[in-house]
Amino acid sequence: MFSLINPRNWLMLMLLLLVSVTAQSQTEAMWRQLLRAEELITASRNDTAIYLLNNLLTSLDDEDPRHRAFALRVNLERSQALTKQRAYPTATAELLRLIDAANSMGEHHIEAEAAIGMAYILQRQDSPEECLAYLKHAERLIQDHALHNLNARLWNRTSAYHYRYGDPEVALRLANRAVIVAREQDDRHQLALGHYIISLLKRTSNPRSSEQHLTKAAEYYRNTGSMVDYLVMTLALNRLQLDRGKIEQALVSNDSAMVYASRVEDRDSTYASRVYEYRAELMRHMNEPDSAWHYLTMAHNSELQHLRRVNDERAVEIEARYLNEKNSQLIAEQERMLLEERNRLMTLLGIALVSIAGLALLGYFYTRLKRAKTALEEQYLIEQENEELTQSLTKQKILQGEVHHRVKNNLQVIIGLLELQTQELADPHARACLEAMSGRIFSMAAVHETLYQDGRGGEIDFELYTRKICQHFSQLYSLPNGCEFYIEIKDYWFNLETAIPLGTVLNELLTNSFKYGVPQDGPLRISIDMVKIDDEICLTYHDNGPGFPEGALAEREGGLGTYLLNGMSRQLRGRMESLNDEGALTRVYFKRKNQSALPKRNKKRMKRKRVANGTV
């Protein structure tokens, strides 16, 4: 069996397998990079994550639909990293672009996540109305598209909104629902966040339960490797234990917070001073004033160090902005000088051109004066000849238009007779044959109609002609999902000898598409274009149907359509090829048929030539 396979087919199979393996390995590498970036964001290494995500975006192909969808996920992770960096303006711009792009591409999951991210930023910026609007938008997306894996995230964010602006009871109910769903989905981050929100809500009414929920939240964050979040939970637990007078437990929590504060100080220095303040308060409760004073001093120094770091970052930003403005001024000055120099050169060039043009005009008028007498005599003869030609041409156009109009009317009568005959036939095969014959006659009638309506010197605009035939088929076959045409034919005019065979070919291809190429789950899309290749013209026809059963257009017993296609191609001194390429693809290569010969010069034209030469 294997010996019967063509070696060329073996080579194509191996190439396809190689391309498939390469694409799969590339996709796996991209997802590994994305997962690595998510781990870095969880560990609060946001700068490294943003650098990795930027490189990943650069490597994606904008023309590949799969890469465009993957880029949305990469941009979503990048916006989350920017949010954790508190770069809210940049993160807001990223999320707004992401919501629009995900909506246009139908990526509703990413659109909902981006809307929840916008709600978080707006809550931090104290904009409750805008925050609630994005939460409602995310809720509609989750309900309409069954995005149940986002319920825990939505409920936690909505609970935080109600905790700050709304009803605490509603906030507690939503947080409990989020904890239940997050536990079922094994989403540790949302589970920890839900416990933290419940702890905040119960802090006054039930401090013991609040401490239990804080302990669970801290444990979940420690297990996920999110050190900054774990530090925040530990500090909150430390504060709660201090308020409840549980000094020994508060000392243990403070020790843990001090360890993690030293680990994340290079990424975020906002928590170290609070750790030392709590430590000083613990020392005061333990009657150790010297230690309390020592830790208060460390808290003060840590706060000063944090302020210096912020000021240094701002100073660097201001310096960079100053340098950019200075460079912009230098560039603007250089551009101004270059513009002045270019204007000066253009002025000199303009003077030179005006001088040359003046000399050329003098020579031109000298020549014109020399030939004035001959030109006047020639003009008189031309006017007489033009008047005669205009009258003759007008008569010829009227007669020609009348002929084409009568031919078109006669063909329409034939089409009407065929349609009447079709209605009387019960045999589907016979009805299909008459309908196909009616379409072929319509393609010829359309040629004559185009000639007398929009013709130019016995030639028709093939683009207009093609659109008429496509419109006829669209009206004749009312498809349930509709049909779409994409026509790219620019400035091709053909005479009858070329247009009629081409129209027959086009009619047969459209008939095949509407009979056998209609997709089950979408509209029929047909693209028709025409280009010139060397001394030939190529007509390309493509539909999005299932394609040819045998991989190419094949002869069928009694198949008049295929016979006509091959016959019309030979009549055009061309050839035809067909294949499957995401649908049926047919190319017809042909040459123009000879145009009508130009009329011979009459005696008046010969006389005009002698007048122009000065021999009369």
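1. **Basis.** Residues are numbered from 1 along each chain as its sequence is written, and side-chain values use heavy atoms, with hydrogens and water left out. The model is predicted, so local features need pLDDT of at least 70 and side-chain atom pairs count only at pLDDT 80 or more, while totals for chains, interfaces and linings use all residues.

2. **Overall make-up.** The protein has 20 helices and seven strands. These elements are DSSP runs numbered from the N terminus: helices are H or I with at least four residues, strands are E with at least two. Of the 616 residues, 38% count as buried. Buried means under 20% relative accessible area, exposed means over 50%, and partly exposed lies in between (1.4 Å probe, protein chains only).

3. **Surface and contacts.** The protein exposes about 37,600 Å². Carbon and sulfur atoms supply 54% of that area. Accessible areas come from the Shrake-Rupley method with a 1.4 Å probe; for residues, only the protein chains shown count as cover. Among contacts in the protein with a separation of 6 or more, 63% come from residues 24 or more positions apart. Contact means heavy atoms within 4.5 Å.

4. **Helices α3 and α4.** Two packed helices are described by the angle between their axes and the distance between the axes. Helix α3 spans residues 65-84 and helix α4 spans residues 88-105. Their axes come within 9 Å and cross at roughly 155°. Axes are lines fitted to C-alpha atoms, for helices over the stretch in contact, and angles run from 0 to 180 degrees between N-to-C directions. α3 and α4 are therefore roughly antiparallel to each other. The angle classes are: under 35 degrees roughly parallel, over 145 roughly antiparallel, 65 to 115 roughly perpendicular, and the rest oblique.

5. **Handedness and contact of α3 with α4.** The crossing of α3 and α4 is left-handed. A crossing is left-handed if the near helix is turned anticlockwise from the far one by less than a right angle, and right-handed if clockwise. The contact includes Leu72, Leu76 and Leu82 of α3, and Leu95, Leu98 and Met105 of α4. Its residues divide into eleven nonpolar, four polar and three charged. Ala, Val, Leu, Ile, Met, Phe, Trp, Tyr, Cys and Pro count as nonpolar, Asp, Glu, Lys and Arg as charged, and the others, Gly among them, as polar.

6. **Helices α5 and α7.** Helix α5 covers residues 108-124, and helix α7 covers residues 151-165. The two pack at an angle of about 20°, with their axes 10 Å apart. That makes α5 roughly parallel to α7. Their crossing is left-handed. Among the residues in contact are Glu113, Ile116 and Tyr120 of α5, and Arg153, Leu154 and Arg157 of α7.

7. **Helices α17 and α18.** The axes of helix α17 (residues 462-476) and helix α18 (residues 496-516) come within 11 Å and cross at roughly 30°. That makes α17 roughly parallel to α18. The crossing is right-handed. Residues that meet here include Phe462, Ile469 and Phe473 in α17, and Leu502, Leu506 and Phe514 in α18. The contact holds ten nonpolar, five polar and no charged residues.

8. **Thr158.** This residue sits in helix α7. Thr158 is buried, with a relative accessible area of 14%. Leaving aside neighbours within four places in sequence, Thr158 contacts Leu135 and Leu174.

9. Leu96 belongs to helix α4. At 36% relative accessibility, Leu96 is partly exposed. Not counting residues up to four places away in sequence, Leu96 touches Met118 and Tyr134. Leu96 and Glu111 are 15 residues apart in sequence and 9.6 Å apart in space, C-alpha to C-alpha. Thr58 lies in helix α2 (residues 46-59). Thr58 is exposed, at 67% relative accessible area. Thr58 and Ala71 are 13 residues apart in sequence and 9.7 Å apart in space, C-alpha to C-alpha.

10. **Positive phi in loops.** Asn287 has a phi near 60°, a positive value in a residue other than glycine. Asn287 is in the loop between α13 (272-285) and α14 (289-370), and counts as exposed at 68% relative accessibility. Asp491 has a positive phi near 55°. Asp491 lies in the loop between β2 (483-488) and β3 (493-494), and is exposed at 63%.
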